[in-house]
Amino acid sequence: MKKVTTYLCIILLAYGCKKSENLGSVDNIPGLGGDTWAKGPIDNWVYTNLTKPFNISVKYKWDQFELELNKNLVPPDEGKIVPVMEAVKKVWIDTYIAEAGDVFIKNYCPKFFVLCGSASWNTDGTITLGTAEGGRKIVLYVLNDFRTKAMADYTPSDSNTVKQLFHTIEHEFGHILHQNVLYPEDFKRITPGFYTANWNNVSDRAARRDGFVTAYAMSAPDEDFVEMIAMMLIEGRAGFDKIVNSIPPGTSVNGITQADAIAKLRKKEAMVVAYYKDVWSIDFYSLQTRVRGAVDALIK
């Protein structure tokens, strides 16, 4: 009986292998090399404005394998691709070139952008709006909500989405810079003991009372440093001053006074400015003015 069963399994296995041999051409299986398309106006714009001058490629055709496989995500609206990347060039690339030269941006800019239409929701209720991988690849989410004042359906509230997009880019580029040359260790000693994995349970307002520019800045020193960069650039000098001056009188639940919280943020500001000057020979305040001006041109 055992021999009969063994033979039967072998026969079935052989039959199954034989039946599966003819898979047809993989050229007809989407995602395995069969999905091709002719280059159009979007591809031509990307090549002329990003690929040719900066060796930057943009992937907007849907490929789940470039994203998180366990998330429900939406492809980008192709009508948003050129407006988004044109704005990225004006707000991020052009402003850095004006201050540091095109060799700087060619050397350090990520070479591969992947675009997604929706946000990426995490299990803890937070949202991933962008990621950077090894200084080479940046993934941008929420493209389908991008609207500027030049678009017919723009409303003032859309300015938050626009600012958040550029906040994400400046944040991720900040990581690329400090991964090449680390910021001073003294930065980590400004607010020691306050970094926490539970940052998502803290409001921005509460975080500022302890000397952090955002709640996410409390997640780690590296995030603290690049959140300072992003907020200072996107909000501009007046906007950042407004954030610092919004810290109310009194003491935080962690025992930090208003004066101490303000002093901590100002010390972090000074270290960011010095880092850009000493390491990259960039006048941060001049860059800040350019970036904020470029953002205002899109939303005001």
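His 178 lies in helix 5, which spans residues 158–180; helices (H or I, at least four residues) and strands (E, at least two) are DSSP runs numbered from the N terminus. The model is predicted, so that local features need pLDDT of at least 70 and side-chain atom pairs count only at pLDDT 80 or more, whereas totals for chains, interfaces and linings use all residues. Residues are numbered from 1 along each chain as its sequence is written, and side-chain values use heavy atoms, with hydrogens and water left out.

His 178 counts as buried because its relative accessibility is 5%, where buried denotes under 20% relative accessible area, exposed over 50% and partly exposed in between (1.4 Å probe, protein chains only). The side chains of His 178 and His 175 are joined by a polar contact of 2.9 Å. A polar contact is a pair of N or O atoms within 3.5 Å; within protein, one must be able to donate a hydrogen and the other to accept it, and residues adjacent in sequence count only if both atoms are side-chain atoms. When neighbours within four places in sequence are left aside, His 178 is in contact (heavy atoms within 4.5 Å) with Tyr 183, Asp 222, Phe 225, Val 226 and Tyr 275.

An open sheet of four strands has the order 1-2-6-5 and mixed pairing, two strands being paired if DSSP finds at least two bridges between them. Its edges are strand 1 (57–59) and strand 5 (130–133), each of which pairs on one side only. Strand 1 runs parallel to strand 2 and is joined to it by three bridges; Lys 59 has Val 114 of strand 2 as its bridge partner. Strand 2 (residues 112–115) also pairs with strand 6 (residues 137–140), in the parallel sense over four bridges, and Leu 115 stands opposite Leu 140 of strand 6. Strand 2 is covered on both faces, with Phe 112 and Val 114 buried on one side and Phe 113 and Leu 115 buried on the other.

Helix 8 (residues 258–280) and helix 9 (residues 284–299) have axes that come within 9 Å and cross at roughly 100 degrees; axes are lines fitted to C-alpha atoms, for helices over the stretch in contact, and angles run from 0 to 180 degrees between N-to-C directions. The two helices are therefore roughly perpendicular to each other. Glu 269, Val 272, Val 273 and Tyr 276 of helix 8 meet Phe 284, Tyr 285 and Leu 287 of helix 9.

Methods
Angles under 35 degrees count as roughly parallel, over 145 as roughly antiparallel, 65 to 115 as roughly perpendicular and the rest as oblique.
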